Amino acid sequence: MSKYFQKIDLNETSSVPAKIINLVGKDKRVVEFGCASGYMSKVLKEKCNCEVIGLEINKEDAKIAEAFCKKVITGDIEDLKWHKELEGSNLDVAVFADILEHLKFPEAVLRKTKDILDKDGYILVSVPNIANISIRLELLLGSFEYEKLGILDNTHLKYFTLKSIVNLIETAGFYVDSVDYVVKDLSVSIIKETLKLLDLTPTGKTINSFNKIDATAYQFIVKAFNQKQKQKVVEKVFNEQIPHIYSIDRQIADFKHKRSEREKHIKNLEDDRIEREKHIKNLEKIRAEYVQHVENLEKERAERKRHINNLEKVRFEYAQHVENLEHERVEREKYIHQECENFAVEKKLREKIIKGHEEEISCLQAGLAEKREQSELLKRQLDGKEVILEKLLNSKSWKLTAPLRWLLLNSRKLEQKLKAFCFLSLQYLKIKKSGLFDAEYYLKHNSDVAESGMNPLAHYIKFGAKEGRLAGRSAQSIIEPEYAEKVFYPERGAQIAENDTVSVIIPTLNGGKDFFSLLHSFKRQKGIKKIEMIVVDSGSADNTLALAKDFGAETVTIPSEKFSHSFARNIGAERASGRYLLFVTQDILPSSDFWLYEMLRALKNSDAVAVSCAEFFREDVDLFYRISSWNHHRIMGFDNGDRILSMPESESYLELRKNAQLSDIACLVSNEIFKKYKFRNDYAEDLDFGLRLIKDGYKLAFLNSTKIIHSHNRPPYYYLKRALVDNLTLKKIFPEFQVPFVGTDGFAGDIVFTFDIVSRLVREDLNSLVLPCTTETLIDTVDKRLKSALLSSYTPFKRMYDCNYIDSDFRTFLKNIFTGLQVGKKGYDGILVHAMRGFMQIAGHYIDNSYDLIDEHILEEFNACIYKAYAYQLGAHLAYCYLVTPASKRQKIEKFVNELTIGI
């Protein structure tokens with residue numbers, strides 16, 4: 001419906017349509033220009049019995065108007081086609097209600113209208129007054145803004161005053177009979193305020209000028225006849241209006257007093273309104289406080305409901321725990337009864353042993369008296385020797401033989417170097433004759449050796465074996481263990497002293513279902529006089545703390561935002577009273593009831609001050625963790641038996657890391673030593689601790705014969721974060737750690753390209769394997785895809801494949817990189833495919849030595865391993881990229897690094 005639609009009340013004196021309809025009268029033949037939807041034609045037909053012909057440009061409105069008009073002509077008024085249809089119609093009235101201001105050439109339309117009117121016919125024209133007081137004030141303020149409706153309607157093409165509309169009508173050949181209007185004025189206060197904004201003084205004369213009809217009129221309604229009248233039209237119009245104007249002036253004078261009174265009343269009302277608003281604000285504030293109070297009560301109710309639910313859950317778990325404890329009590333009573341019987345037998349045996357020891361002590365005391373006499377004799381002899389030694393040191397012969405003595409003192413070092421040289425030479429000859437070393441394979445998989453020009457076998461013996469490089473397709477090392485292992489800790493059979501106590505320190509956060517087993521297993525440890533458990537919790541929401549208290553552990557709580565691996569363990573150590581400290585994680589499990597005894601026995605039987613041990617995998621461990629751990633132990637040399645670690649002669653990064661290896665998954669250290677050093681740094685605190693110990697001359701022990709049960713089954717996103725943090729920390733601890741160059745410009749494209757290659761490998765190549773297949777077929781399929789990728793070109797990335805092997809967090813991380821990425825088509829020059837190929841070769845050796853055939857279950861596990869390897873390599877190389885990029889240019893990767901280091 002047209003925006004100009006109005007409801008018409010014929011009794012409303014301020015309505016232009018009502019005034020026009022009253023001027024038309026009854027029983028007339030009318031043409032309405034711009035009839036819109038016929039809202040005025042309807043009243044003319046139904047109330048005035050008029051016959052109406054409508055003209056309308058809008059087809060939809062014209063169709064509606066047909067219900068009220070005899071005829072509706074659709075089209076533009078200014079194209080004058082209607083003139084041919086209506087010429088000679090001799091109509092009584094032509095209505096232009098708010099039409100002429102929308103026309104380009106309104107005079108031409110008016111001239112043609114004369115031809116369709118009767119000689120006594122007339123036109124009725126309504127136009128808005130552009131000289132209205134509101135427009136004048138806006139112009140004084142420098143504003144002339146179009147509006148949707150009104151005087152400044154955004155579709156108006158012409159603007160009229162009273163004189164200009166009269167001139168237009170007379171120029172078109174009509175004769176003005178009367179002018180009517182509707183008023184829309186402004187209050188005197190608004191006029192004065194507006195003039196004050198312009199620094200103008202609102203005098204009485206000025207105010208009166210704004211109260212004249214040419215300023216207060218909002219619209220003019222002009223009636224003009226087709227034939228000339230006797231009286232001059234303009235004189236008639238203004239003579240008729242002058243008495244009306246004088247009447248208005250008199251009314252203005254009467255209203256001034258009333259206005260003054262009303263303004264006072266308005267001021268009083270305004271003051272009252274302000275007071276009420278203040279009161280309302282106060283009430284609103286009270287209401288807001290009440291609403292807040294209600295919300296707080298509701299939150300407290302919800303919190304209490306959750307607390308009740310938690311208590312109910314705890315009650316159920318406690319009942320279950322009580323049942324388990326009762327079962328354990330019965331078992332323990334049986335065990336105690338058996339132990340008591342054993343103790344009675346052992347007591348009799350020990351009484352016999354003690355009696356024998358007493359007899360031995362008597363003999364030893366007699367011998368001691370004899371030794372004391374011998375000691376006195378030796379002391380007197382020593383005093384005489386010191387006098388002779390003093391004379392010897394001051395003699396000329398002693399001074400002349402100083403070079404010879406230096407040679408004798410250093411002969412041991414020279415002998416060690418000679419033995420090492422002989423050993424290397426012997427190894428070279430043995431390996432060369434054995435045929436186990438594949439020189440072609442070694443050069444192919446170690447490009448740095450090929451580029452150096454060094455003999456590959458010599459490089460392997462001197463460097464490669466220590467670095468974990470492989471001599472051929474077999475993953476087995478061909479270097480004799482006497483060279484790979486420096487020292488094994490001696491088994492001297494010392495017993496644990498009666499006063500040896502161990503404090504077990506366990507950082508926790510939602511320990512989960514395995515935490516009960518961990519606490520229970522430490523309660524069952526044997527061979528130790530006293531085991532103290534200290535749990536350092538950083539915000540667990542499960543029953544971790546309740547379980548710890550049930551098992552008699554001391555609990556320490558720290559805010560989650562203050563947690564770091566060093567801080568939590570140092571806090572626990574401060575509370576410890578044991579002679580030895582055992583640092584473990586919440587997800588380990590001792591492999592036997594004598595595990596801790598074996599750890600402590602190894603520490604006391606060696607020169608080491610701290611000891612760690614190897615790991616047994618859990619049943620649910622993933623393939624990537626198995627391969628990574630296997631390769632790490634192989635490179636570190638931990639799979640060759642128990643070792644004593646000390647400061648190496650070569651202070652290279654790899655040698656230092658091999659010999660500083662402590663793991664706080666399970667690390668036993670004397671309390672005295674730990675208080676001197678303590679943990680530091682947010683990550684790799686155990687490696688940093690071990691490095692400081694060996695640099696200060698202490699020794700460490702690593703046990704391959706005693707193992708802890710521990711492993712993870714983590715999603716790719718965890719390995720991405722783990723690799724990033726590990727490599728950033730290694731560079732911090734080992735400044736000489738060599739970081740490959742990874743530039744920021746092409747790294748994002750490399751990430752996308754390598755993900756696409758990995759996805760194609762899993763979706764296409766491995767999915768098409770006929771199972772079961774040999775391990776060699778699997779390894780060759782993987783290497784073929786990665787090798788061909790190195791020779792291919794970057795391709796535009798279209799979409800990220802749906803994949804069940806990656807978690808939602810890793811998928812979101814990749815999408816943030818992939819979004820909006822544009823990669824030019826060029827030959828592959830990245831590094832991630834090389835890194836993936838290197839890891840897959842290691843994985844191939846592990847699989848080749850672990851499986852005979854590959855079935856669908858092993859392949860499924862291998863597919864997941866590929867994506868985790870990709871995530872790990874991505875994290876490692878993101879760290880390299882961050883480390884080699886200058887601080888001023890790290891903005892592109894800074895946000896990724898900061899986000900990924902949270903929560904590790």
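## Contacts and overall make-up

Take contacts in the protein between residues at least 6 apart in sequence: 77% of them join residues at least 24 apart, with contact meaning heavy atoms within 4.5 Å. This is a predicted model, so local features need pLDDT of at least 70 and side-chain atom pairs count only at pLDDT 80 or more, while totals for chains, interfaces and linings use all residues. Residues are numbered from 1 along each chain as its sequence is written, and side-chain values use heavy atoms, with hydrogens and water left out.

The secondary structure comes to 32 helices and 18 strands; helices (H or I, at least four residues) and strands (E, at least two) are DSSP runs, numbered from the N terminus. Of the 904 residues in the protein, 42% are buried. Buried here is under 20% relative accessible area, exposed is over 50%, and partly exposed is in between (1.4 Å probe, protein chains only).

## Helix α32 and its cover

Helix α32 spans residues 891–900, and its buried residues are I893, F896, V897 and L900. Looking down the axis of α32, those buried residues fall within an arc of 100°, so they line one face of the helix; the arc is that of the directions from the helix axis to the C-beta atoms. As a reminder, an α-helix has 3.6 residues a turn, so residues three or four places apart point the same way. On the face of α32 turned away from the buried side sit the exposed residues Q891 and K895.

What covers the buried residues of α32? The cover includes α26 (716–733), α29 (808–818) and α31 (856–884).

## How α29 meets α31

Two of those covering helices also touch each other. The axes of α29 and α31 come within 13 Å and cross at roughly 50°; axes are lines fitted to C-alpha atoms, for helices over the stretch in contact, and angles run from 0 to 180 degrees between N-to-C directions. The pair is therefore oblique (under 35 degrees counts as roughly parallel, over 145 as roughly antiparallel, 65 to 115 as roughly perpendicular and the rest as oblique).

The crossing of α29 and α31 is left-handed, meaning the near helix is turned anticlockwise from the far one by less than a right angle; clockwise would be right-handed. F810, F813 and L814 in α29 meet Y870, A871 and L874 in α31. By class, that contact has six nonpolar, no polar and no charged residues. Ala, Val, Leu, Ile, Met, Phe, Trp, Tyr, Cys and Pro count as nonpolar, Asp, Glu, Lys and Arg as charged, and the others, Gly among them, as polar.

## How α1 meets α2

Over to helix α1 (residues 16–24) and helix α2 (residues 39–48): their axes come within 11 Å and cross at roughly 45°. That makes α1 oblique to α2, and the crossing is right-handed.

P17, I20, I21 and V24 in α1 meet M40, V43, L44 and C48 in α2. The class count for this contact is eight nonpolar, no polar and no charged residues.

T775 is found in helix α28 (residues 775–790) and, at 5% relative accessibility, counts as buried. Leaving aside neighbours within four places in sequence, T775 is in contact with I847, D848, Y851, D852 and I854.

Now for P772, in the loop between α27 (744–765) and β17 (773–774). The peptide bond from L771 to P772 is cis, with omega near -5°.
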